[in-house]
2 protein chains.
Amino acid sequence: MRSLQSEPAFDAAYQGSRGAFSEDAAHQFLSSTSRLLPKDTLEEVFDAVSRNQAYYGVVPIENTLAGSIHQCYDLLFEYDVKIVGETVRKIEHALIAPPGVALSDVRRALSHPVALAQCETFFRMNPQIQPTAVYDTAGAVESVMNSPARDAAAVASRRAADLHRGTILVDAIQDHSENYTRFLLISPIASAATRSLRGECKTTVVFRIPNEPGALCRALHQFADRGVDLTKIESRPLRGAPFEYLFYLDLVGLPDSAAISDALMQLRGQSVSLRVLGTYPRGW
Amino acid sequence: MRSLQSEPAFDAAYQGSRGAFSEDAAHQFLSSTSRLLPKDTLEEVFDAVSRNQAYYGVVPIENTLAGSIHQCYDLLFEYDVKIVGETVRKIEHALIAPPGVALSDVRRALSHPVALAQCETFFRMNPQIQPTAVYDTAGAVESVMNSPARDAAAVASRRAADLHRGTILVDAIQDHSENYTRFLLISPIASAATRSLRGECKTTVVFRIPNEPGALCRALHQFADRGVDLTKIESRPLRGAPFEYLFYLDLVGLPDSAAISDALMQLRGQSVSLRVLGTYPRGW
C-alpha cells in the first residue's frame with residue numbers, strides 16, 4: 001500500500017539530463033517547480049516509479065517522424081505501472097557546438113538515436129558529419145561542451161543549447177517542421193483522478209490473442225461495432241514465442257463507458273491475456 | 001527497362017561486412033558462391049538494388065526478440081523495389097574479443113543496436129560492460145580485432161569470430177534461445193517466378209486509410225471475411241501528417257487468388273493509397 005511507504009523524494013523521473021525534451025514534457029504535466037529526477041535509461045525511469053523514488057515517470061512513446069519508442073511499449077508491459085496522462089510537444093532540433101567551433105569543423109554529431117533518425121536529410125546532405133548515438137540529447141550537449149575535441153557537435157533543443165551555453169550552428173535540422181513527440185505520464189497506481197475524469201479520454205490496453213486467422217480482425221471488431229475510435233495500434237514481438245505478437249491499442253473513451261467495457265469484456269474472452277494500461281485525458 | 005541496362009556486377013547487396021547475419025541469409029537465398037556486395041547501411045542496399053549494382057538485396061525485416069526493423073519498412077515504401085523472397089535464420093550471439101583479452105578486462109561491447117537489444121539480460125547482469133552501438137555485428141568484430149584497446153569486445157555470430165580469428169569469451173548471450181531474424185530478398189522488378197509460384201505464398205501490401213473511426217477494422221475485414229490469414233501487421237508514422245500511419249500487412253496467398261484480389265480491390269476503394277510490395281514463397 002502506498003500509504004505505508006515513505007513519500008517519494010521526487011515528483012517525476014525522466015530519461016535524459018537537464019534540457020531534455022522529456023524534462024520539458026515533465027514541466028508541462030506538472031509544474032515548472034517540480035522536483036525532477038534525471039535517469040540515464042527508460043528502464044531506470046520505470047524502476048524509479050516502481051520503487052517509489054518518484055510519484056510519476058515521464059516517458060516518450062512515439063514521435064511523428066521516427067515512430068514508436070518500442071522499448072517504452074515493452075516496459076509498459078513489464079512493469080506494473082499505469083498511464084495517467086499524455087501530452088504532445090513540438091520537437092525542433094539544432095546542431096550545437098562549443099563557442100568557436102565552426103560548421104566546417106564538425107565531423108561527429110552526438111545525440112539520442114531517435115533524434116538522429118529525425119534529421120536524416122541533414123546527415124545525407126552533410127556526409128562529412130557522422131551521426132553518433134548516445135543516451136540523450138541534452139547530455140550530448142553537455143558532453144561536447146566538456147570535451148576538448150573541436151570536431152564534435154550535438155543535436156538537441158535550443159533550450160539545451162541555452163542551458164549549457166552552446167552555440168547553435170544550424171537551427172531546425174529535423175526532416176520536417178511537423179515533428180511531435182507524444183509523452184506519457186506513468187504512475188505506480190491508477191491516478192485517483194481517473195474516477196472524476198471529464199472531457200475526452202483515452203484508454204490504452206495490451207492483449208495477446210491466439211495465433212489464428214482473423215483473430216486480430218475479430219478483436220478490433222469489438223471496438224468498431226460499438227463506434228469506439230482507435231487512435232493507435234502497435235504490435236511487439238512476444239518473447240519466447242517466435243512470430244507471435246502483443247497488440248497495444250489506444251482507444252478513445254473511458255473503460256467504464258458501456259461501449260468500451262462491453263468491448264473489453266468480449267475481447268477478454270477472445271484473448272490469452274488482456275490488461276488495461278491506463279485511462280487519461282486525451283492530450284491531442 | 002532492365003534489358004537496356006548493363007548487367008549488375010553483383011548477385012546481392014547486404015548490410016554489414018563479412019560474417020554478418022545478412023551475408024549468411026544471402027547464401028541461403030542464393031548460393032554459397034554468389035558475388036555479394038557489402039554495404040554500410042540498409043539505405044545503401046536499397047540504393048544498390050535500385051541502381052542496378054546488384055540483382056538482389058538481402059535485408060532484415062524483423063527479429064523475434066527485438067521486433068521489426070522499422071527503417072526497412074520505411075525503405076520498402078520509399079524505393080521502387082519488390083519483395084521476392086523471405087527466409088528465417090536462427091540468431092545466436094557470442095561475446096568476442098582479441099586473443100588474450102579476458103572477460104574481466106571487457107568494459108565495452110560493440111555491435112549493431114538490434115543485436116545489443118537482444119542481449120539485454122547479459123548487459124543487466126554485467127553492468128561493467130557498456131553496450132556500444134555500431135553499424136554491424138561482423139564489422140564490430142573486425143574493429144575490436146584491429147584496435148589496440150584491450151577493454152573492447154564485440155557481439156556477433158560464431159562465424160564472424162572464426163572469420164576474423166576472434167576468441168569467444170561467452171557463447172549464446174542472447175536473452176532467449178528462440179531468437180530468429182526474418183530476412184527479405186528484394187529486387188527492382190517483380191520476380192518472373194511469381195507467375196509460376198507454387199505452394200504456400202505470402203503477399204505484402206502497404207496502404208494508407210482515412211483517419212476515421214473503424215477504418216482499420218474495415219480494412220482488415222476484407223481479408224478476414226474471405227478467410228485470408230494475416231501473419232503480420234505493422235504501422236509506421238506518415239511523415240508530414242502527425243499521428244497518421246501507414247499500415248503494412250503480410251497475407252498468406254497470391255494477389256491473383258480470388259480471395260486476395262477481391263479483398264485488395266475492396267481495400268483499394270477504402271484507401272487513400274495502396275501498393276502491393278511483393279509476393280514470395282512463404283519462408284516459415
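Two rings of Phe, Tyr or Trp (its six-membered ring) count as an aromatic pair if their centres lie within 6.5 Å; planes under 30 degrees apart are called stacked, over 60 edge-to-face, and the rest tilted. By that rule, a search of the whole structure turns up eight aromatic pairs over all chains.

A word on the model before going on. This is a predicted model, in which local features need pLDDT of at least 70, side-chain atom pairs count only at pLDDT 80 or more, and totals for chains, interfaces and linings use all residues. Side-chain values use heavy atoms, with hydrogens and water left out, residues are numbered from 1 along each chain as its sequence is written, and chains are lettered from A and ligands numbered from 1 in the order in which they are written.

**Aromatic pairs**

Here are two of the pairs, one from each chain.

| Pair | Class | Centre to centre | Angle between planes |
|---|---|---|---|
| A:Phe46 and A:Tyr79 | tilted | 5.6 Å | 45 degrees |
| B:Phe46 and B:Tyr79 | tilted | 5.6 Å | 45 degrees |

In chain B, B:Phe46 sits in helix α2 (residues 42-50) and B:Tyr79 in the loop between α3 (70-78) and β5 (82-90), so their pairing ties together parts that are 33 residues apart in sequence. Helices (H or I, at least four residues) and strands (E, at least two) are DSSP runs, numbered from the N terminus. How accessible are the rings' residues? Buried means under 20% relative accessible area, exposed over 50%, and partly exposed in between (1.4 Å probe, protein chains only). A:Phe46 is buried at 0% relative accessibility, and A:Tyr79 is buried at 14%. B:Phe46 and B:Tyr79 are buried as well.

**Where the chains meet**

Contact here means heavy atoms within 4.5 Å, and 44 residues from chain B and 44 residues from chain A take part. Buried area is the accessible area (1.4 Å probe) that two parts lose on being put together, summed over both. Between chain B and chain A this comes to about 3,600 Å², with carbon and sulfur atoms giving 60%. B:Thr64, B:Arg239 and B:Phe243 supply 20% of the area that chain B buries against chain A, more than any other three residues.

Four salt bridges are counted between chain B and chain A, each a side-chain nitrogen of Lys or Arg within 4 Å of a carboxyl oxygen of Asp or Glu. B:Asp175 and A:Arg239 meet in a salt bridge at 2.6 Å, N to O. Which element gives the largest share of the side of chain B that touches chain A? That is β13(B), with eight residues.

**A buried lysine**

A:Lys232 lies in strand β13 (residues 230-237) of chain A and is buried, at 3% relative accessibility. Its side chain makes polar contacts with the side chains of A:Tyr73 (3.1 Å) and A:Glu234 (2.9 Å). A polar contact is a pair of N or O atoms within 3.5 Å; within protein, one must be able to donate a hydrogen and the other to accept it, and residues adjacent in sequence count only if both atoms are side-chain atoms. Not counting residues up to four places away in sequence, A:Lys232 touches several residues, including A:Asp250 and B:Tyr245.

**Positive phi values**

A:Arg165, in the loop between α7 (158-163) and β10 (167-170) of chain A, has a phi near 55 degrees, a positive value in a residue other than glycine. A:Arg165 is exposed, with 68% relative accessible area. For A:Ala172, phi is near 50 degrees, and this residue is partly exposed at 37%.
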